[in-house]
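My notes follow in the order in which I looked.

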Amino acid sequence: MAFELNGKKYETDEDGYLLNLDDWDKDVANFLAQQEGVDMTEAHWEVVDFLREYYDEYKIAPMIRILTKAIGKKLGPDKGNTKYLYELYPGGPAKQACKIAGLPKPTGCV
Amino acid sequence: MAGKIETPPLTGDKLPIPPVSPGAMANLSPNRAAEGHNTFLNFPGVRVGDWKEKAVEKMGDLLDKYKSLRVFMDICVKCGSCTDKCHYFLGTGDPNNMPVARQELMRKVYRKEFTLGGKLFPGLSRAEEMSEDVLAQWWSYYHQCSQCRRCSVYCPYGIDTAEISMAAREIMDSVGVGQKYCNEILGKVLEIGNNLGINPHALANTLEFVEEEQEEESQVKVRYPMDESGADVLLIAPSADFFSSPHIEGFTGYGKIFHEAGVSWTVSSYASEFANFGMFIGSYDTMRRVAERIREAAHDLKVKRIVVGECGHAWRVGYSFWNTLIGPFDFLDPSYRTPTHICEFTWDLIQRDGVKLDKSANDERVVTFHDSCNVSRASRMGDMPGGQYDIPRNIIKAVCNHFVDMDEETIKEATYCCGGGGGLLTDELMDLRVKGALPRANALHGVMESHGVNTMAMICAICKAQFTKVLPYYHIPMDMVASVHQLVSSAVVLGGKKGV
């Protein structure tokens with residue numbers, strides 16, 4: 001599967017996750033967010049930036065608690081929880097946020 | 001996310017049998033595995049040219065290899081006992097989700113190819129040859145069975161639809177028609193060591209994080225070690241325990257229990273997965289390859305025993321199949337059962353008064369327990385019949401003051417599947433997953449109304465992931481879902497006893 005944006009073609013898997021990590025940029029993220037019905041705010045970008053940073057180092061998305069703790073540090077302790085992440089990304093921080101961040105889909109018992 | 005899938009209002013009373021709705025789920029189709037996913041597991045990458053002949057040939061092999069399969073093909077008398085026992089039928093009304101009808105999808109081909117009556121008088125015998133249409137039905141409806149075996153409890157002959165659906169998937173894989181979710185994940189576990197694809201560098205970081213966070217919370221250092229040769233225990237957890245919530249909270253609890261028991265333990269970065277999807281696709285060879293890593297890790301790390309975490313289907317694999325699959329475990333200490341379930345370990349410690357527990361830590365919770373299908377109907381725990389039902393409940397009652405069971409027709413051997421087991425925990429099957437969770441959600445709703453239940457504890461990674469996703473469709477909050485060892489974790493008073 002694929003989609004086109006600004007005259008460029010992007011390959012994705014069946015669920016719309018980018019196949020090539022390097023294809024990602026902010027425009028692509030905004031496009032993917034729009035497809036998901038997510039309105040990107042500063043808080044949304046914090047999540048996406050952290051996911052990409054972590055992936056860069058560890059080649060996998062972080063455990064949910066690593067993510068919530070990092071977000072709590074950045075946005076305040078009242079935001080460092082799963083409930084807040086689901087408010088930002090109703091489709092789930094692991095799956096929906098990873099998709100917008102251009103990471104592969106986490107699959108397993110998740 | 002509560003989206004477009006419609007769910008009926010819950011009553012908590014016995015579910016009505018739904019009106020039959022032929023073809024309601026006929027279009028459901030899981031994603032196909034890519035060529036590389038199939039070949040990695042030694043299946044043809046794409047559908048082979050002579051697939052019909054090859055599929056029938058494979059069916060013949062399986063009928064010879066598994067006598068049970070042949071008996072199941074021959075013995076059904078169409079009594080109808082199973083028809084209203086499948087959660088997917090109750091949730092969808094699609095008659096092909098009645099277990100007898102699901103079995104018939106294979107039986108009609110069996111009659112055509114392997115019985116005299118079917119060969120001579122196919123019309124009279126309702127026999128049918130393998131065709132594109134039959135394959136499409138198999139593809140859809142054998143991926144609408146979570147292999148939970150509830151129907152087999154009510155079948156007077158004990159026909160096991162799970163085994164038939166495993167055989168069907170094995171036949172499809174053998175002709176190059178594989179399911180992406182299972183086959184891709186099996187590739188990851190065989191290549192990286194776990195279903196999620198967490199490499200050793202990331203796993204070490206995750207364990208460090210758990211260790212630090214635990215210490216911050218309790219001011220007591222509990223270790224969460226990796227690859228420590230010579231530890232007493234090799235802990236094999238489902239890899240979701242390293243990734244998701246409430247899985248990780250349960251994993252944190254395992255560490256506290258080992259700490260209090262004074263038992264050294266380690267995780268292995270080579271075998272960091274208890275789940276074994278080889279069972280879901282009916283492939284003995286793949287199941288053995290996945291399990292073999294655990295044996296190797298136990299051997300290489302020179303541990304005395306293997307303890308396993310909260311993972312339902314893998315407990316079936318471990319409890320029922322490991323011995324012949326990857327045994328004998330003559331290099332381990334024979335005084336311990338291999339594998340030992342973490343619930344057995346914890347309950348044993350509690351009984352010996354080896355851990356101090358503060359039940360009031362869970363006082364805000366009113367807890368019920370969801371029996372996971374493979375634990376309930378395909379294994380046991382401890383030394384007593386029914387130990388798989390009693391031990392987790394005993395643990396919960398030891399760490400919580402408020403426990404209540406759901407309707408007895410929905411627990412223990414009659415338990416309903418979460419709706420996401422058997423290799424179906426994938427987004428493209430969400431419609432089925434939500435509808436299949438109806439019987440459990442309804443029973444849960446019953447005790448929420450009658451007893452104020454606000455926590456449903458369980459010991460399966462798939463159940464935890466499935467319920468956190470689908471319960472919101474029934475207007476039940478996702479944070480209702482808990483790990484049994486998460487409740488243990490909250491109640492353990494660190495340093496309270498000397499352990500062992």
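I looked up the burial of helix H21(B) first: eight of its eight residues are buried, so the helix is largely enclosed by the rest of the structure (buried means that 20 or more other C-beta atoms, placed from the backbone, lie within 10 Å of the residue's own). The buried residues include His485(B), Gln486(B), Ser489(B) and Ser490(B), and as a group they pack against H12, H15, E5, H17, E6 and E7 of chain B (helices are DSSP runs of H or I with at least four residues, strands runs of E with at least two, numbered from the N terminus).

I noted that this is a predicted model, in which local features need pLDDT of at least 70 and side-chain atom pairs count only at pLDDT 80 or more, while totals for chains, interfaces and linings use all residues. Residues are numbered from 1 along each chain as its sequence is written, and chains are lettered from A and ligands numbered from 1 in the order in which they are written.

Next I took H17(B), residues 387-399, against H21(B), residues 484-491: their axes come within 9 Å and cross at roughly 30° (axes are lines fitted to C-alpha atoms over the stretch in contact, with angles from 0 to 180 degrees between N-to-C directions). That makes the two helices roughly parallel, a term for angles under 35 degrees. Pro392(B), Ile395(B), Ile396(B) and Val399(B) meet Val484(B), Leu487(B), Val488(B) and Ala491(B) (contact means C-beta atoms, placed from the backbone, within 7 Å).

Last, I checked the chains: 30 residues of chain B are in contact with 17 residues of chain A, and the largest share of chain B's side, six residues, comes from H11(B).

Key: Two residues are in contact if their C-beta atoms, placed from the backbone, lie within 7 Å. Angles under 35 degrees count as roughly parallel, over 145 as roughly antiparallel, 65 to 115 as roughly perpendicular and the rest as oblique. A residue is buried if 20 or more other C-beta atoms lie within 10 Å of its own, exposed if 12 or fewer, and partly exposed in between; C-beta atoms are placed from the backbone.
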